[in-house]
Amino acid sequence: ATISACKPGGKWGEAMALLNGMMADRIEMDAISYSAAISACEKGGEWGAALALFRRLVQDGIDADTITFNAVISACEKCGEWEE
């Protein structure tokens, strides 16, 4: 929920910091956490960060859901990087 609060203002840096803090504290990550951070990156125009988070999700063996795919696609599309 805290990461989701970063979405409206496009506070992608704060979302990334929260996600990294969760990892450092060994809190179990899920598609919801990643999707919220990816959406914050999308709102902030940071398609590269959104794509990096998606790649990390895949590396961590977490199953992406429709929301995750839509968020990363939207981030790339809004920044003109749809071919990525």
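The model is predicted, so local features need pLDDT of at least 70 and side-chain atom pairs count only at pLDDT 80 or more, while totals for chains, interfaces and linings use all residues. Residues are numbered from 1 along each chain as its sequence is written, and side-chain values use heavy atoms, with hydrogens and water left out.

## The overall picture

The protein chain has 4 helices and 0 strands. Read from the N terminus, its elements follow the order α-α-α-α. Helices (H or I, at least four residues) and strands (E, at least two) are DSSP runs, and they are numbered from the N terminus.

Of the 84 residues in the protein chain, 38% are buried. Here, buried means under 20% relative accessible area, exposed means over 50%, and partly exposed lies in between (1.4 Å probe, protein chains only). The chain exposes about 4900 Å², with carbon and sulfur atoms supplying 52% of that area. Accessible areas come from the Shrake-Rupley method with a 1.4 Å probe, and for residues only the protein chains shown count as cover.

What share of the contacts between residues at least 6 apart in sequence joins residues at least 24 apart? In the protein chain that share is 61%. A contact means heavy atoms within 4.5 Å.

## How the helices pack

Two packed helices are described by the angle between their axes and the distance between the axes. The axes are lines fitted to C-alpha atoms, for helices over the stretch in contact, and angles run from 0 to 180 degrees between N-to-C directions.

| Helix pair | Angle | Axis distance |
|---|---|---|
| H1 and H2 | about 155° | 8 Å |
| H2 and H3 | roughly 165° | within 8 Å |
| H3 and H4 | about 150° | 8 Å |

Let us take the pairs in turn. H1 and H2 are therefore roughly antiparallel to each other, and H1 passes H2 in a left-handed crossing. A crossing is left-handed if the near helix is turned anticlockwise from the far one by less than a right angle, and right-handed if clockwise. On the H1 side, the contact is made by Trp12, Ala15, Met16, Leu19, Met22 and Met23, and on the H2 side by Ser33, Tyr34, Ala37, Ala40 and Cys41. Sorted by class, this contact of H1 with H2 has 10 nonpolar, 1 polar and no charged residues. For these classes, Ala, Val, Leu, Ile, Met, Phe, Trp, Tyr, Cys and Pro count as nonpolar, Asp, Glu, Lys and Arg as charged, and the others, Gly among them, as polar.

H2 and H3 are also roughly antiparallel, and H2 passes H3 in a left-handed crossing. Here Ala31, Tyr34, Ala37, Ile38 and Cys41 of H2 meet Ala49, Ala50, Leu53, Phe54, Arg56 and Leu57 of H3. The classes in this contact of H2 with H3 are 10 nonpolar, no polar and 1 charged residues.

Next come H3 (residues 47-59) and H4 (residues 66-78). This pair is roughly antiparallel, and the crossing of H3 and H4 is left-handed. Trp47, Ala50, Leu51, Phe54 and Leu57 in H3 meet Thr68, Phe69, Val72, Ala75 and Cys76 in H4. By class, the contact of H3 with H4 has 9 nonpolar, 1 polar and no charged residues.

## Some residues to look up

Leaving aside neighbours within four places in sequence, glutamate 42 is in contact with Ala71, Ser74, Ala75 and Lys78.

Alanine 49 sits in helix H3 and counts as buried at 14% relative accessibility. Not counting residues up to four places away in sequence, alanine 49 touches Trp12 and Cys41. Alanine 49 and methionine 16 are 33 residues apart in sequence, and their C-alpha atoms are 8.8 Å apart in space.

Arginine 26 lies in the loop between helix H1 (12-24) and helix H2 (31-43), and is exposed, with a relative accessible area of 79%. Most residues other than glycine have a negative phi. Arginine 26 has a positive phi, near 60°.

Aspartate 63 is in the loop between H3 and H4 and is exposed, with a relative accessible area of 67%. The C-alpha atoms of aspartate 63 and aspartate 30 are separated by 8.2 Å, although these residues are 33 apart along the chain.

Technical notes: Parallel < 35°, antiparallel > 145°, perpendicular 65-115°, else oblique.
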